[in-house]
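Dear colleague,

Please find below the structure that I promised to pass on to you. I would be glad if you could look it over before reading my notes.

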Amino acid sequence: MYHITDAPSILSGSELAFMDAQERYIPRTNGRDPGLRIKDIVATHLQECCPDQVAPFIMQNVTSPSSPSSSSSAATDLFLKGTLFRFPLRTQPSEISDKVYREGDMHDLLRMFMDQAPGVLLFLKYIEEISIYVADRDVPLGQDPALIFRVSLHDMQHETRLDRTRLLEFVKERSDRDPTTTDTEE
């Protein structure tokens, strides 16, 4: 991820992590732990003190109330059933990389990923859906980014889902075997 961004962030459930390898964007980081991990966004009131950092994660159709059992529907109660990665593009060379990605470069990378995504799902044990959202810098914070791609195991034909199950069972079976045993010894 550091080949395209200097400051990735990840939202999973109600936990949010900001990574800052250069210690430029997150206050009070140190060389041993450059970044910030917040275990409960709602309890820490992060949305009130740092709304610009949290705003990109608040999307009406992606995030939901603060917990799966909560009846609140306020957009400020942030919870995600899944994991969302945010990669703000590098706009100038940095210590991490001299490569600056322009919008067209990113579209090319996304196109390549979208072409491969259905096959990628076959090899991922717990991931059943991949969605790609793009936020235009001209769109005001708080407005949902555009969904440009989604692939899901539910979209795949029944036979493809069975192939995935068989493949995962085969890999598990092979990994459970004694690593010193070879196929010729069996």
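The notes below go through the overall fold, the strands, the aromatic rings and the charged pairs.

This is a predicted model, in which local features need pLDDT of at least 70 and side-chain atom pairs count only at pLDDT 80 or more, while totals for chains, interfaces and linings use all residues. Residues are numbered from 1 along each chain as its sequence is written, and side-chain values use heavy atoms, with hydrogens and water left out.

**Overall fold**

The secondary structure of the protein chain consists of four helices and six strands, where helices (H or I, at least four residues) and strands (E, at least two) are DSSP runs numbered from the N terminus. Along the sequence these elements come in the order β-β-β-α-α-β-α-β-β-α. The protein chain has 186 residues, of which 28% count as buried; here buried means under 20% relative accessible area, exposed means over 50%, and partly exposed is in between, with a 1.4 Å probe and protein chains only.

**Strands**

Strand β1 (residues 9–13) is mostly covered, since four of its five residues are buried. β1 pairs in the antiparallel sense with strand β2 (residues 15–19) over four bridges, where two strands are said to pair if DSSP finds at least two bridges between them. These two strands, β1 and β2, form a hairpin with one residue between them, and within this pairing I10 has A17 of β2 as its bridge partner. β1 also pairs with β4, again in the antiparallel sense, over five bridges, and there S9 stands opposite R86 of β4.

β2 is in turn joined by four bridges to strand β3 (residues 35–38), and the two run antiparallel; the bridge partner of L16 in β3 is I38. In a regular strand the side chains alternate between the two faces of the sheet.

**Aromatic rings and the nonpolar patch**

A search of the whole structure finds one aromatic pair. The pair is F85 and F87, and it counts as stacked because the ring centres are 6.1 Å apart and the planes lie at 25°; by the rule used, rings of Phe, Tyr and Trp (its six-membered ring) pair if their centres lie within 6.5 Å, and planes under 30 degrees apart count as stacked, over 60 as edge-to-face and the rest as tilted. F85 lies in strand β4 (residues 80–86) and is partly exposed at 49% relative accessibility, while F87 is partly exposed at 32%.

Together with M1, F85 and F87 form a nonpolar patch on the surface, with about 280 Å² of accessible area together. Patches are made of residues with over 30% relative accessible area and no salt bridge, like charges being joined within 9 Å and nonpolar side chains (Val, Leu, Ile, Met, Phe, Trp, Tyr) within 5 Å, and accessible areas come from the Shrake-Rupley method with a 1.4 Å probe, where for residues only the protein chains shown count as cover.

**Charged side chains**

How many salt bridges are there? The count comes to five salt bridges, each being a side-chain nitrogen of Lys or Arg within 4 Å of a carboxyl oxygen of Asp or Glu. Among them is the one between D6 and R90, with N to O at 2.8 Å. D6 lies in the segment before β1 and R90 in the loop between β4 and α3 (103–122), so the pair ties together parts that are 84 residues apart in sequence. Both D6 and R90 are buried.

Another of the salt bridges joins E129 to R150, with the closest N and O atoms 3.2 Å apart. This pair links distant parts of the chain, with E129 in strand β5 and R150 in strand β6, 21 residues apart. E129 is partly exposed at a relative accessible area of 40%, and R150 is partly exposed at 39%.

K99 forms a salt bridge with D105, where the closest N and O atoms are 3.9 Å apart. The charged end of K99 also sits over the ring of Y101, 5.0 Å from its centre, the rule being that NZ of Lys or CZ of Arg is within 6 Å of the ring centre and within 35 degrees of the ring normal.

With best regards
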